[in-house]
Amino acid sequence: LSIFVMKKIFLFVLALCSLYAGAQQADRFPLHQFDELTDTKPHDDATVWEQLKQTACFSWGSTDVRYRKLDVPDISRKSSLRLKGWRGERVNAQAVLWTKADLGKVRIEVSDLTNGKHRIPASAVKAGFVRYVMTDELNKDGQGGCGHRPNKADWDSSLVADMIDINLELPVKARTTQPIWMNVWIPSDSQPGIYRGKLSVSGEKLAKQSLVFEIKVSNRVLPAPADWKMYVDLWQNPYAVARYYQVPLWSKEHFDAMRPIMRMLADAGQRTITASIMHKPWAGQTQDHYDSMIFRMKQLDGTWKFDYTVFDKWVDFMMNEVGIDDLISCYTMVPWDLKFDYYDQATNRVLFVEAKPGDRVYADYWGTFLKDFARHLKAKGWFEKTAISMDERPLKDMQEAIKVVKAADPGFKIMLAGNYHAEIQSDLYYLCIPYGQVFPQEVKAERERKGQISTYYTCCTEAFPNIFTFSSPAEAAWTAIHAVAGGYDGYLRWSTMSWPLDPLRDSRFRTWAAGDTYCLYPGPRSSIRFERLVEGLQCCEKILLLREELTRRKATRALDKLNRLVGNFMPGNSTAKTAAAVVNELNDYVNSL
């Protein structure tokens, strides 16, 4: 063969390999179309489905229910729905389509909402098919979801409705239930009144069917998320985004992929930027470990040099392109594995310092860095917005770390997400304690006077409330509202996008109950859990505004009832009611005022 022909064959083989690799990558990390995993649980058979009088049924459902994919839904069919909301509020609804025959590709449509000459445009409405992901269960004792799960077969697994797709077309197969989530973000300048619209589905084998809905828009206004009083701290993991989207870290493509995801957090009232200032601050516990956003080099002469290029890019992006700019939360001086990385110029290797808080080498390593970090932050104008943050660390370690921070620059803010310790709480600008712990009343009042932040968090520990993929949807709203009930300033969740290997199809992870590591999906796609969490955060803002108004008006009876209903969101209160019942009762009353 001639060299020319061999070259052509070589290039053809390379092209085939590239196409195959691309197909493999798309299959492993899908962003658009994908097939759900198989539901192996017992489900309604053909006999049950054939009893349907219509080939396909379409009805409003409940946002409190995760409808099973292969069962006929237990629904009293409704073709109309009434909702209420404040101007500036997002209102959720869920519709359900179920069929005994293959419908081919089905498409969603939404109309404008009209109120006489006034309207809410269809662009303010988001509707998407609710997709099914694999989930598992709590620990065998039912007390929580923490602990290693190396073998998925050891845990009861099933398909569950959670992810809200971005594709408006989806094949709907025979003997299938297909939920549709609808979210209406009422413009803040809307004229109060009753607005009516339609949610419709149609398909290759489905004549158009429509459901009517109306929203009674109040004259009250919910502030924009950036102006919410609630302190929302939902951790970000940029490393997971780079892996799943298959783009180089900190490249233009990486930031392009992150932008719409991070804006979803901004629209939920997010206040903090999660920054990692060391290698594996949490010992690589997630599928994609955090790396250091700051490069450390020990030079030939023994002095240190620090490069903040990545850190600056990340913070500038989050502040100026996303709009999250309250606090840069820098993790961590006290990691789970007490090893601290640096590049050693003399040996041309990455080395690690092994030291614990209280050791002289620990103080030298961190003290040198923090002094230079303070200098850099002040030059950027970010010093007042930065906190040196730790999580779930013992009291003694925290006391030693605080000494090092204050010695480097006494102006540094310090943050802890962990157990309440009276000995150090006054040193902590931002203290977030676990669900079930409370701030002493006098301490909380003093922290408020000093402008300090006092919040609470949940993680894998809680059987209730939680946002696992198998959790009741209303628990996400309950979780947020508990922040107001408990007198906290806000809520922290340790992860929103630490995706497992195949997050669009399988929410299970080798550690912790399914869904614990994320509530936003690649795409970006929202979830039932995330939408209900935002619902709860909005309710918190409404409660705070109403308390001020009712107190000012001396409307004692209304205020007492509001506080009584909010009190149901404390552990042990209203135990006879489900989370959904408690949330709905409060929402109904808040919207009646």
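This is a predicted model: local features need pLDDT of at least 70, side-chain atom pairs count only at pLDDT 80 or more; totals for chains, interfaces and linings use all residues.

Trainee: How do the strands of a sheet pair in general?

Mentor: Strands in a sheet are paired by backbone hydrogen bonds, in either a parallel or an antiparallel sense. Here, strand E4 (residues 104–110) pairs with strand E9 (residues 169–172) in the antiparallel sense, over four bridges. Strand E4 is also joined to strand E11 (residues 193–203) by five bridges, and these two run antiparallel.

Trainee: Which residue in E9 is the bridge partner of valine 106?

Mentor: Leucine 170 is the bridge partner of valine 106.

Trainee: Where may I see parallel pairing?

Mentor: Consider the open sheet of eight strands, which has parallel pairing and the order E13-E24-E23-E22-E21-E20-E17-E14. Strands E13 (231–234) and E14 (272–276) stand at the edges; each has a single partner strand, so one side of each lacks a neighbour in the sheet. From one strand to the next, the twist averages 25 degrees.

Trainee: How many bridges join strand E17 to strand E20?

Mentor: Four bridges join strand E17 (residues 327–331) to strand E20 (residues 386–391), and the two run parallel. Within this pairing, tyrosine 331 has serine 389 of E20 as its bridge partner.

Trainee: Let us turn to aromatic rings. How many aromatic pairs does the count come to?

Mentor: The count comes to 44 aromatic pairs. To classify a pair, one looks at the angle between the ring planes: under 30 degrees counts as stacked, over 60 as edge-to-face, and the rest as tilted. The rings of tryptophan 250 and phenylalanine 255 have centres 6.0 Å apart and planes at 45 degrees, so this pair is tilted.

Trainee: Are tryptophan 250 and phenylalanine 255 buried or exposed?

Mentor: A residue counts as buried when its relative accessible area is under 20%. Tryptophan 250, with a relative accessible area of 12%, is therefore buried. Phenylalanine 255 is buried as well, with a value of 10%.

Trainee: What kind of pair do phenylalanine 311 and phenylalanine 373 form?

Mentor: The ring centres of phenylalanine 311 and phenylalanine 373 are 5.3 Å apart and their planes lie at 75 degrees, so the pair is edge-to-face. It links distant parts of the chain: phenylalanine 311 is in helix H5 (residues 309–322) and phenylalanine 373 is in helix H6 (residues 360–380), 62 residues apart. Phenylalanine 311 is buried, with a relative accessible area of 0%. Phenylalanine 373 counts as buried at 0% relative accessibility.

Trainee: Which ring does arginine 90 lie over?

Mentor: Arginine 90 lies over the face of tryptophan 185, at 4.0 Å from the ring centre. Arginine 149 lies over the face of tryptophan 155, at 3.8 Å from the ring centre.

Trainee: Which cysteines does a disulfide join?

Mentor: To find a disulfide, one looks for two cysteine sulfur atoms within 2.5 Å. The count comes to one disulfide. This disulfide joins cysteine 146 to cysteine 460, with an S to S distance of 2.0 Å. The torsion about the S-S bond of cysteine 146 and cysteine 460 is about 95 degrees, so the disulfide is right-handed.

Trainee: Where do cysteine 146 and cysteine 460 lie in the chain?

Mentor: Cysteine 146 is in the loop between strand E7 (125–135) and strand E8 (158–164), whereas cysteine 460 is in the loop between strand E23 (453–458) and helix H9 (474–485). The pair links distant parts of the chain, 314 residues apart. Cysteine 146 is partly exposed, at 30% relative accessible area, while cysteine 460 is buried, at 7%.

Trainee: Finally, which backbone oxygen lies 2.7 Å from a polar atom of the side chain of threonine 177?

Mentor: That oxygen belongs to aspartate 71. Threonine 177 itself lies in strand E10 (residues 176–185) and counts as buried at 0% relative accessibility.

Terms used. Residues are numbered from 1 along each chain as its sequence is written. Side-chain values use heavy atoms; hydrogens and water are left out. Two strands pair if DSSP finds at least two bridges between them. Rings of Phe, Tyr and Trp (its six-membered ring) pair if their centres lie within 6.5 Å; planes under 30 degrees apart count as stacked, over 60 as edge-to-face and the rest as tilted. Buried means under 20% relative accessible area, exposed over 50%, partly exposed in between (1.4 Å probe, protein chains only). A charge sits over a ring if NZ of Lys or CZ of Arg is within 6 Å of the ring centre and within 35 degrees of the ring normal. Axes are lines fitted to C-alpha atoms, for helices over the stretch in contact, and angles run from 0 to 180 degrees between N-to-C directions. A polar contact is a pair of N or O atoms within 3.5 Å; within protein, one must be able to donate a hydrogen and the other to accept it, and residues adjacent in sequence count only if both atoms are side-chain atoms.
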